[in-house]
Amino acid sequence: MRGVREFQEDFRDDRRREEERSDSRREDQRRQDMLRAQEESDRQRREDERRQDALRIVMNDDAIEITPEERKLINNPEMKMMDDGSIVRRARARGSAFASQFRLDKLLPRAKKTVRKKARKELDRLQAEAFREANKLLRTKAGKLRKGVTQSDVAKRAQKILKKLRK
């Protein structure tokens, strides 16, 4: 029969297809990372060459003499020279209006400042003292917990010590 194709069964192992797909994705990712790294190194090399060319022109041209005032301007990162030769102070970036709209202090609702009462401060001081005592009892000189002792045991011991301290 003309025009009718015969069905050929695919005998490839379907169990490895997912692994092959993920391997190819990883390989593509590696290739893209390598290309990005290569582009970055090329860009850095071109920038370095541009700087070297500019320095070479100034160094090798005997007609160019730099005064101490000009040297200060050249080495000052805040100063820039415009195309027309005028020297201007570069404005510092204070953050764009776009970025400031996403500041957390502007997004989150204002939380009420809680005032700590005298009793709470005293309890916290006693708890700290109790934990110091419990740690001193249940830890070795090196600071490790003794054999068979857990952090839970330290907390339980601290609670017992706290009870005694509150009386």
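Across the whole structure, a search turns up 16 salt bridges. Keep in mind that you are looking at a predicted model. Side chains of opposite charge can pair when their charged atoms come close. Here are three of these pairs.

| Salt bridge | N to O distance |
|---|---|
| Arg30 and Glu27 | 2.8 Å |
| Asp42 and Arg45 | 3.9 Å |
| Arg120 and Asp124 | 2.9 Å |

Let's start with helix 1, which covers residues 17-60. Arg30 and Glu27 sit three residues apart there, so about one helical turn separates them. Arg30 is partly exposed, at 45% relative accessibility, and Glu27 is partly exposed too, at 35%.

Asp42 and Arg45 are also in helix 1, and because they are three residues apart, about one helical turn lies between them. How exposed is Asp42? Its relative accessibility is 22%, so Asp42 counts as partly exposed. Arg45 comes in at 42%, which again counts as partly exposed.

Now hop over to helix 5 (residues 118-138), where Arg120 and Asp124 are four residues apart, about one turn of the helix. Arg120 is partly exposed at 40% relative accessibility, and Asp124 is partly exposed at 24%.

With a relative accessible area of 61%, Lys163 is exposed.

Terms used:
Residues numbered from 1 in each chain as written. Predicted model: local features only at pLDDT ≥ 70, side-chain atom pairs only at ≥ 80, totals over all residues. Heavy atoms only, no water. Buried < 20%, exposed > 50% of the residue type's maximum accessible area, 1.4 Å probe, protein only. Salt bridge = Lys/Arg side-chain N within 4 Å of Asp/Glu carboxyl O. Helix = DSSP H or I, 4+ residues; strand = E, 2+ residues; numbered from the N terminus.
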